[in-house]
Amino acid sequence: MSSAFPKGFLWGASTSAYQAEGAALEDGKKPSQQDIINQDSYKQFGFATAEIASDQYHHYKEDVALMKEMGFTAYRFSIAWSRVFPDGVGEVNPKGIQYYRDLIDELIASGIEPIVTLYHYDLPWTLVQKYGGWLDRQVVADFENYARYVITEFKDKVRYWTTVNEQSIIVQYWTQKCYIPEELQEQHQLRYQINHHMNLAHAVACKLVHELVPGGLVGSALGYAPVYPLTSHAEDCMAAQNAQALRNDYYTDIYFKGEYNKAAMRYLEDHGLAPVIQEGDMELIREGTSDFLALNYYASECAKWCPEGEGREIRYSGVNRSGKKGDISGFETHPGFYEMCKNPNLDTTDWDWAIDPVGMEYMLRDLYNRYGKPLMITENGLGAYDTLTEDGKIHDGYRIDYLRGHIQAVKRAIDKGVEMIAYCPWSAIDLLSTSNGMKKRYGLIYVDRTDDAPKDCARIRKDSFYWYQKAIASNGADLA
Ligand code: BGP
């Protein structure tokens with residue numbers, strides 16, 4: 001067994017536009033649905049808004065310099081659709097596109113390969129107002145217009161493209177990731193309809209990259225948690241297989257087989273949840289082939305059998321808003337199919353996410369065995385409370401332990417034959433969490449702000465910064 005990663009393996013980290021950039025209404029940008037959703041979570045929970053976030057818009061040069069200092073050879077970030085097309089369609093915003101030209105040029109000049117995500121939860125608000133956003137098929141044509149423009153603009157500079165971030169998570173947490181009017185929030189079929197529109201958008205983007213980018217490679221970035229059975233009782237094992245079908249294979253079968261997973265689709269049909277599929281949709285999906293799969297892996301999940309019966313109804317994933325272990329507001333339940341539950345064998349973060357490095361290897365080997373396509377990690381990380389000490393340091397040994405365990409798991413998967421392109425943990429810098437504001441931090445670089453006070457967003461290297469620097473310099477051999 002070799003001790004290092006393959007030559008040319010990409011090391012970096014990730015962010016997304018609305019969580020990092022700030023400048024939400026600056027230089028011609030108009031709101032995205034995340035600007036609106038996050039104003040609401042500020043009112044409800046006191047979590048920071050996306051207005052300033054980590055202010056990367058004004059700090060990008062400093063951020064890229066820090067990434068270079070860490071030795072990054074890749075940076076995965078997303079383009080904000082509403083910065084480029086403030087109204088979703090129509091006029092391009094010259095200052096908006098210029099920001100991404102400058103960022104990408106800065107990265108390339110620093111020897112860092114840009115990995116661009118086209119869509120990370122931030123649909124232009126105008127499109128939500130116009131027709132309900134992802135609820136309406138019109139969004140696919142508008143996405144195509146946006147994607148064609150951006151891909152053409154960067155076709156000679158960006159080789160790796162990811163399409164729609166975390167469709168599976170959007171289905172689970174649809175009101176956090178999409179603006180859904182209250183009167184529709186009980187119409188759960190719409191979750192799968194949105195996802196179907198995203199499948200079409202994904203296929204369109206794959207085709208565009210293949211058509212426009214010389215040597216371009218494209219794939220989805222999927223939020224993925226392998227599912228273990230709670231016990232070795234046959235019913236629990238069957239439940240885990242059902243959960244795997246509806247939570248994971250339902251997405252990956254689309255990307256790599258061009259079809260909906262049969263067991264999952266049958267379940268959705270039986271419960272009036274299946275998406276409406278129009279003539280030609282599946283052909284388009286089959287034409288939009290993926291070159292790789294990007295994975296956002298944080299945790300594994302656990303499932304048990306759930307009989308049908310009185311008082312049991314379909315429920316979707318709960319969330320822990322408080323950051324106190326055990327405060328999760330419930331588990332996804334599909335009576336007669338499966339129920340998600342806590343894995344008693346794994347420790348969790350303060351927000352109840354199971355910590356499971358072995359699950360990383362399990363996932364990578366399983367996916368590579370089944371689909372045979374190269375994989376990259378575009379997210380993986382520990383959400384934690386960090387303390388800025390009086391001498392201006394952040395001693396985040398817990399994050400180092402987490403990352404070490406997961407990098408070792410990636411390496412074990414490579415040693416067993418899995419083709420891996422990149423490891424980009426979440427996140428390069430501290431940023432706005434999708435569900436928990438600024439207190440839950442993931443960055444290798446600390447951003448000095450709180451939920452209430454944006455302060456100056458000063459950048460400070462955490463202990464994990466120096467540790468990752470050594471890991472990269474040794475191509476993954478020195479993880480001490
Ligand atoms: C993924 C998202 C990211 C990110 C991360 C951590 O689902 O792609 O945008 O934020 O999870 O989640 P959270 O911010 O809710 O802790």
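I will begin with the shell around the ligand. This is a predicted model, and the shell residues in it divide into five nonpolar, seven polar and three charged. In total, 15 residues surround the ligand. The closest are Gln19, Glu166, Thr434, Lys440 and Tyr442.

Where does the ligand sit? It is in the largest pocket.

Which distance separates the side chain of Thr434 from the ligand? An N or O atom of that side chain is 2.5 Å from an oxygen atom of the ligand. For His120, a polar side-chain atom lies 2.8 Å from a ligand oxygen. The side chain of Glu379 likewise has an N or O atom 2.8 Å from an oxygen atom of the ligand. As for burial, the ligand taken alone exposes 380 Å², and the protein buries 97% of that.

On to the fold. The protein has 16 helices and 14 strands. Along the principal axes, its C-alpha atoms fill a box of roughly 60 × 50 × 45 Å. Why call the overall size consistent with a compact globule? Because a compact globule of 480 residues would have a radius of gyration near 23 Å, and the 21 Å of this protein agrees with that.

First, the peptide bond joining Trp426 and Ser427 is cis, with omega at about 10°. Ser427 is placed in the loop between β12 (420–423) and β13 (445–448). Second, Asp55 has a positive phi, about 55°, although it is not a glycine. Asp55 lies in the loop that runs between α2 (33–45) and α3 (56–70).

That is what I have. I can go back to any of these on the screen.

Methods: Residues numbered from 1 in each chain as written. Predicted model: local features only at pLDDT ≥ 70, side-chain atom pairs only at ≥ 80, totals over all residues. Heavy atoms only, no water. Near = heavy atom within 4 Å. Polar contact = N/O pair within 3.5 Å; in protein donor to acceptor, adjacent residues only side chain to side chain. Areas by Shrake-Rupley, 256 points an atom, 1.4 Å probe, with all protein chains shown as cover. 1 Å grid on protein atoms, 1.4 Å probe; cavity = no way out; pocket = protein on both sides within 12 Å on 5 of 7 lines; lining within 4 Å. Sits in = over half its atoms within 2 Å of the grid points. Nonpolar A, V, L, I, M, F, W, Y, C, P; charged D, E, K, R; others polar. Helix = DSSP H or I, 4+ residues; strand = E, 2+ residues; numbered from the N terminus. Rg over C-alpha atoms; globule rule 2.2 N^0.38 Å.
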